[in-house]
Amino acid sequence: MQSDDLQRAVEQVNESGERLIADRLDAIEAERVMQRALELEAESLDEPHLISTDQLDRIAKEIGVDPSFVQQALGEVRLQPADRSKLAQWIIPEPLMETATINGLSRDDVDAAIDRWMTQYEGLTKGAILADGAMWDIDRRWFAKLRSSTLGGANRVSRVAGSDVAHRVHSAAEGEHVVALTSQGRGPVMAAIGLTALGAIAGVVALINGLAGGATVTGLAAMALWMAASAGVAVVGARWWARGIRGALRRSLVGLVGSAKKQRSSWLATKARLRWPKRSKKSGQS
């Protein structure tokens, strides 16, 4: 009897495990069904179906997901850099993006802190305006160079990324903002393409010399060697450059967050002085 009871218990555990797996599969299927339903509705209305962030929060609560994770996922999706070409993705597989969170400031204060940091410490000037941020170009004015060299030192992002820098902000809440610094990696990609092209030219020259000397096989081998070596060196160099850009973006964000915290502390101190002014000795004696 005890053996039979044990066998039934094992069967119940297996059945409960199978039901759990089935529930998880049902959740995946439900996600696909909802996605298809939205597509069908969009086709019938001849316009895209838009969902507000409040609706996302309500859906998350209905299915038992913490809305804070929804906001975090929303920020990650919205702050993803622009799509790159297949060639650029092959040269630099990972996007050049670093993110950080600034708490305790309004969106206007965060935007002001970013502008101050990028202009005074990074030696950049604002270029094209994005929906949630801006592109940044190198400020070539002499006083801007002098100011950024004095304040920023040698770790400025413009030294490795040039004018290929952008910032974007996602406000998850009133006092919580995710800031992303991104780069398309145009410098490393163009350098890799140029070096590969030079290798191809050298390979063609080697092939011509081989054909002129009657050594066709040797010429083909030399061309293939030149092209493979140049492409390999180009990709390795581009990825090394890209790591430098990512490190500079990270250092810049660390400095930006520190500057914003100082700004917040200064603002709180000013507010405290305005709210609780010091009593003078004369008023204290009276």
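**Entry 1: the chain as a whole**

I call a residue buried when its relative accessible area is under 20%, exposed when it is over 50%, and partly exposed in between, with a 1.4 Å probe and protein chains only. By this rule I found that 29% of the 286 residues of the protein chain count as buried. The model is predicted, so I kept in mind that local features need pLDDT of at least 70 and side-chain atom pairs pLDDT 80 or more, while totals for chains, interfaces and linings use all residues. I number residues from 1 along each chain as its sequence is written, and side-chain values use heavy atoms, with hydrogens and water left out.

I looked up the secondary structure next and noted 10 helices and 5 strands in the protein chain. These are DSSP runs numbered from the N terminus, helices being H or I with at least four residues and strands being E with at least two.

I then turned to contacts, which are heavy atoms within 4.5 Å. Of those in the protein chain between residues at least 6 apart in sequence, 67% join residues at least 24 apart.

For the surface I recorded an accessible area of about 19,000 Å², with 59% of it belonging to carbon and sulfur atoms. Such areas come from the Shrake-Rupley method with a 1.4 Å probe, and for residues only the protein chains shown count as cover.

**Entry 2: a patch and a pocket that share residues**

Which residues form a nonpolar patch on the surface? I listed Ile51, Ile59, Ile63, Val65 and Phe69, with about 460 Å² of accessible area together. A patch takes residues with over 30% relative accessible area and no salt bridge, joining like charges within 9 Å and nonpolar side chains (Val, Leu, Ile, Met, Phe, Trp, Tyr) within 5 Å.

Ile59 sits in helix α2, residues 53-62, and counts as partly exposed because its relative accessibility is 43%.

I next looked for open space. Rolling a probe the size of a water molecule over the atoms shows where empty space is left. The largest pocket has a volume of about 650 Å³. It is lined by 13 residues, of which Glu31, Met34, Leu56, Ile59 and Ile63 are the closest to its centre. A pocket here is an open set of points on a 1 Å grid over the protein atoms alone, where a 1.4 Å probe fits and protein lies on both sides within 12 Å along at least five of seven lines; lining residues have an atom within 4 Å of a point. Points are joined across faces, edges and corners, and the volume is the space filled by probe spheres set on them.

Helices α1 (2-45) and α2 each supply at least two residues of this lining. Helix α1 gives the most, with 6 residues.

**Entry 3: salt bridges**

How many salt bridges does the structure hold? I counted 6, a salt bridge being a side-chain nitrogen of Lys or Arg within 4 Å of a carboxyl oxygen of Asp or Glu.

I examined Glu98 and Arg250, whose side chains meet at 3.4 Å, N to O. Glu98 lies in strand β1 (residues 96-103) and Arg250 in helix α9 (residues 216-275), so the pair ties together parts that are 152 residues apart in sequence. Glu98 counts as buried because its relative accessibility is 15%, whereas Arg250, at 42%, is partly exposed.

I also noted the salt bridge of Lys126 with Asp115, the closest N and O atoms being 3.1 Å apart. Lys126 is in strand β2 (residues 124-130) and Asp115 in helix α5 (residues 107-120), 11 residues apart. Lys126 is partly exposed at 37%, and Asp115 is partly exposed at 26%.

In a further salt bridge, Arg141 and Asp139 have their closest N and O atoms 2.7 Å apart.

Thr182 lies in strand β5, residues 176-183, and is buried at 7% relative accessibility. Leaving aside neighbours within four places in sequence, I found Thr182 in contact with Pro81, Leu96, Met97, Asp164, Val165, Ala166 and Leu249.

Ser148 is in helix α6, residues 142-152, and is buried with a relative accessible area of 1%. The C-alpha atoms of Ser148 and Thr119 are separated by 7.7 Å, though the two are 29 residues apart along the chain.

Arg186 is in helix α8, residues 186-212, and is partly exposed at 43% relative accessibility. Beyond its neighbours within four places in sequence, Arg186 is in contact with Ser163 and Asp164. Arg186 and Ser163 are 23 residues apart in sequence and 9.5 Å apart in space, C-alpha to C-alpha.
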